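Here is a friendly note to read alongside the sequence and the model. Please keep both open as you go through the points.

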Amino acid sequence: MMKIFKLNSIIGALSIMALVGCGDDFLDRAPISQQNSNNFYKTAADMNNALTAVYGSLQYGGQYYSSLHVIGDLRSDNTEITNPNAGADLQAVDNFTNVAVNSISSSTWNAHYQGIQSANIVIEKIAPVSMDQNLKARYTAEAKFLRALMYFNLVRIYGEVPLVLEVINNPQDGYSYGRNPVAEIYATIVADLDEAVASLPYTYGTADIGRATKAAALGLLGKVHLTLKNHQQAIQVLEELVNNAGTAKLQLLPEYGSLFGAANRNNAESIFEVQFKSGVAGEGSPFSNQFAPIGSGRAVVSVGNPLGQNIPTANMVAAYEEGDLRKAVSLETSYVLNGNTVKHNYVTKYLGTPAANLDSDNNWIVLRYADVLLMYAEALNELGYVADGPAFGYLNQVRERAGLLPKSAMNPESGLSVPDQAAFRLAIEQERRVELAFEGHRWFDLIRTERAVAVLGNLGMQTHMRLFPIPQSQIDINPNKITQNPGY
């Protein structure tokens, strides 16, 4: 069985859009046969194949298969590498010792630009195709949503990056691209998402589940505005999404445990997921194996190798309030091997029985409704603290689902008092940490709120490390245009 909405038709598209170059770097890549590919995109079916290739790029190792949970959680205080056999480059990201030749930087850069090239192909080639105009607008909007998502990741990780909005047909053309200002990157992201919001539907039929929706575009646009500290715009966008949750068929699921696992993919709380499918070469997800402790044998995951990535820190374990129902769903602190109890933290959100090593059905949730509610509460508070106002209501919706008492402006005896704007900021930070644990958000949250150095300084973080180093390979190949971030 192929992935949702025939994602494995990517094979046909990529056979024409194969990439070549001098090494593994984006800026010297182009389609292998541009003359032939120019003649390929003739029908709606051709464009669907090309669009499917863009969705498929999210599965790359440098995107949601590996890099983004490494950056989003391992870089933070949520997880750590406890066994050096998990990988030196991962350990360097964890310890804030990663340098410009670290494979995480290069694979993340390359995979995102490969995806952006695929998105640009759809956006450029679809214009002259004779097809239904509404479908053409939707396909274009899907490609722009995906391009915006990839640029949002890049700009948050590296800062200034090359802004490539056209298909690179000639490898030599790549050398003309330098690093564009962050403001230009964000302007493109917002423009792409505005178009996606205007053209995407809230829901699809069963055959198209997994595609980007209007809800996904609104949620991502809200996060972009929140990151830019455009709090009024963030409120406007997120309020539209919250008010239309019924139309979008979105809700907080009654039970937190119903969010995760292969049986719960694309549920009513999930807004956008990267789709994976086991049993088909290159389509399965690795998370069950990646997050199992090295040395756990078959005690944690019964098929494949335990790789020891993203091990929850003791600080993360202690972050949950007593009685928080999310803790048991999210992590364990021991396992039993050969009749012996081994004390070792590990993530349980993605556990399952892989079909083979690194080959599970678990999707990766990029955006879900609880995230939206917490962003909305954060934006409302930033615009102005209101004691027991609407922001408290959205925060407490998430807490109550977790089995916790609500927070209020003045409740000193319970320890749940949030008396001012600064205290509410910390309450949101805490709630996002435990609600979204191991979903790749913590690092980006701390960077957005400018709290990263305060929280992670004792782990080795310095101010310049808010950005990752530009891959040295990119500087070497184009030194006149690509420069290194300060401090590296």
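This is a predicted model: local features need pLDDT of at least 70, side-chain atom pairs count only at pLDDT 80 or more; totals for chains, interfaces and linings use all residues.

1. Residues are numbered from 1 along each chain as its sequence is written, and side-chain values use heavy atoms, with hydrogens and water left out.

2. Helices here are DSSP runs of H or I with at least four residues, strands are runs of E with at least two, and both are numbered from the N terminus.

3. Is α15 largely enclosed or open? 13 of its 15 residues are buried, so α15 is largely enclosed by the rest of the structure. Buried means under 20% relative accessible area, exposed means over 50%, and partly exposed lies in between (1.4 Å probe, protein chains only).

4. Next, look at helix α10 (residues 214–227), whose axis comes within 10 Å of that of α15 and crosses it at roughly 35 degrees. Axes are lines fitted to C-alpha atoms, for helices over the stretch in contact, and angles run from 0 to 180 degrees between N-to-C directions. The crossing is left-handed, meaning that the near helix is turned anticlockwise from the far one by less than a right angle.

5. Which residues of α10 and α15 meet? Gly219, Lys223 and Leu226 in α10 meet Asp371, Val372, Met375, Glu378 and Ala379 in α15, where contact means heavy atoms within 4.5 Å. The residues of this contact divide into 4 nonpolar, 1 polar and 3 charged. Ala, Val, Leu, Ile, Met, Phe, Trp, Tyr, Cys and Pro count as nonpolar, Asp, Glu, Lys and Arg as charged, and the others, Gly among them, as polar.

6. The whole structure holds 27 salt bridges, each a side-chain nitrogen of Lys or Arg within 4 Å of a carboxyl oxygen of Asp or Glu. One of them joins arginine 211 to aspartate 208, with the closest N and O atoms 3.1 Å apart. Arginine 211 is buried at 4% relative accessible area, whereas aspartate 208 is partly exposed at 23%.

7. Arginine 326 and glutamate 431 form another salt bridge, their closest N and O atoms being 2.6 Å apart. Arginine 326 lies in helix α14 (residues 326–330) and glutamate 431 in helix α17 (residues 421–435), so the pair ties together parts that are 105 residues apart in sequence. Arginine 326 is buried at 1% relative accessibility, and glutamate 431 is buried at 0%. Both belong to a network of salt bridges that also includes Glu269, Lys349 and Arg401.

8. Aspartate 445 and arginine 432 meet in a salt bridge too (2.8 Å, N to O). Aspartate 445 lies in helix α18 (residues 442–448) and arginine 432 in α17, so this pair links parts 13 residues apart in sequence. Both residues are buried.

9. Finally, please check two backbone angles. Lysine 229 has a positive phi near 65 degrees and is found in the loop between α10 and α11 (231–243). Asparagine 338 has a positive phi near 55 degrees and is found in the loop between β6 (331–337) and β7 (340–347). Lysine 229 is partly exposed at 41% relative accessibility, while asparagine 338 is exposed at 72%.
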